[in-house]
Amino acid sequence: MKSRKLLMIPGPIEFESEVMQCMAVPTPSHVNPDFISVFSNSLKLLKAVCQSESGQAFIVAGTGTLAMDMAAANLIETGDKALVISTGYFGLRFAEILKRYGADVDILEAQVGDIVSMEHIEEQLKSKKYKLLTFTHVDTSTAVLNNVKSIGALGKKYNVLTVLDGVCSVAGEEIKQEAWGIDVVVTASQKAVGVPPGLALLVASQNAMKTFEQRKNPVANYYGDWANWLPIMKAYENKQASYFGTPPVNLIMALEKSLQLIVNEGLNNRFARHQRAGKAMRAAIRALGLELLSKNEAVASNTLTAPLYPSKIDAATFLKETNQQGIIFAGGLLPELKTKYFRIGHMGSVNKADLLATIGAIETVLKNNGSKHELGVGTAEILKHF
Ligand SMILES: Cc1ncc(COP(=O)(O)O)c(C=O)c1O
């Protein structure tokens, strides 16, 4: 019997074997001509995945939090007004980061499982002149999906820089960065981008780069300063090596491979595949009698699902027994609801077989703990969607 378990958490995810093979090859020099070409292509492909032809891409060793930190450090100066539209844990993290760089931060916080209405956001933008707003595409703590296109349009209307946390959405949920007027998209490697953890990824619009260039004061973060990284990205784009900090060579080779697979799949096909997986998972969970944290289908993300535990079973028992069934889930992340819900990641390489195995494990554990559902009602929903 295979001892390997299926990792169904919202990042890191199960990675494609072709991507993992890039991690295992002997590490070339970061100035090796073949690697220069890999880096150059990765920058190009990252912009293609964010659908930002004229943007400036950054690929830096770090995590998604570093990407958030870099956006804030490079665009905020002490006293700047910033608006955070928060749909959970990661929205509040962005507020903390912005404050570190001296921003005067207002937070519009959604009710758990919901988004902030466009009317409410517009009212706030009318009431005060902000330099920048941040919002989370998919908040991984709530599985809530924001309306990126509409918030991008509000940013343009009120001349506010828009910064999208796309850590749990890029390459899984549709983003048309340029067409939707999003100034910065930040993401990381370990979720729908499909590469082991360790890369902070950003694409900044020319508008954002101009704001950076017009700063009055130096950036208060040495490692994240775009003044240090921009020449490096430009050099690699132009097929030349340059050094500021040693690039994580194998991770970038893996990134090129994964981004190429994503582009080859076709962005629209990929988004449709994630939508199908999301719909199937939500339908299966409901068929088992569980409720979801996301309030309705319109705000439900397609990269992860967050079901509430039924009253008969506690968090520790559920996570232990599903693990024994071969599936690994993540517990709740919102501190106040930590033991009330769990999270199922379904992005990147996830397929019908993974979804069936996942729901099969949930059905079994619920049944073993007194649930009255008929075995097979959850898996039937997955089959109906594929
Ligand atoms: C929406 C969102 N933003 C930011 C982060 C932070 O990314 P990292 O853990 O790579 O620092 C995460 C991580 O899960 C996330 O899901």
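The model is a predicted one, in which local features need pLDDT of at least 70 and side-chain atom pairs count only at pLDDT 80 or more, while totals for chains, interfaces and linings use all residues. Residues are numbered from 1 along each chain as its sequence is written, and side-chain values use heavy atoms, with hydrogens and water left out.

The shell around the ligand holds 13 residues, of which T63, T65, T140, D165 and K191 come nearest (a residue is near a molecule or strand if one of its heavy atoms lies within 4 Å of it). By type, the shell divides into four nonpolar, six polar and three charged residues (nonpolar: Ala, Val, Leu, Ile, Met, Phe, Trp, Tyr, Cys and Pro; charged: Asp, Glu, Lys and Arg; polar: the others, Gly among them). Helices α3 (64-75) and α4 (89-100) each supply at least two residues of this shell, and α3 gives the most, with three. Helices (H or I, at least four residues) and strands (E, at least two) are DSSP runs, numbered from the N terminus.

What about open space in the protein? About 270 Å³ lies in the largest pocket. Its lining consists of 16 residues, and L145, E173, E174, Q275 and N302 are the closest to its centre. This lining divides into five nonpolar, five polar and six charged residues. Both α6 (148-157) and α10 (267-287) supply at least two lining residues each, with the largest share, three residues, coming from α10. A pocket is an open set of points on a 1 Å grid over the protein atoms alone, where a 1.4 Å probe fits, with protein on both sides within 12 Å along at least five of seven lines; lining residues have an atom within 4 Å of a point. Grid points are joined across faces, edges and corners, and the volume is the space filled by probe spheres set on the points.

The chain contains 13 helices and 14 strands. Its radius of gyration is 21 Å, close to the 21 Å that the globule rule gives for 386 residues, so the chain is as compact as a globular protein of that length (taken over C-alpha atoms; the rule is 2.2 Å times the number of residues to the power 0.38).
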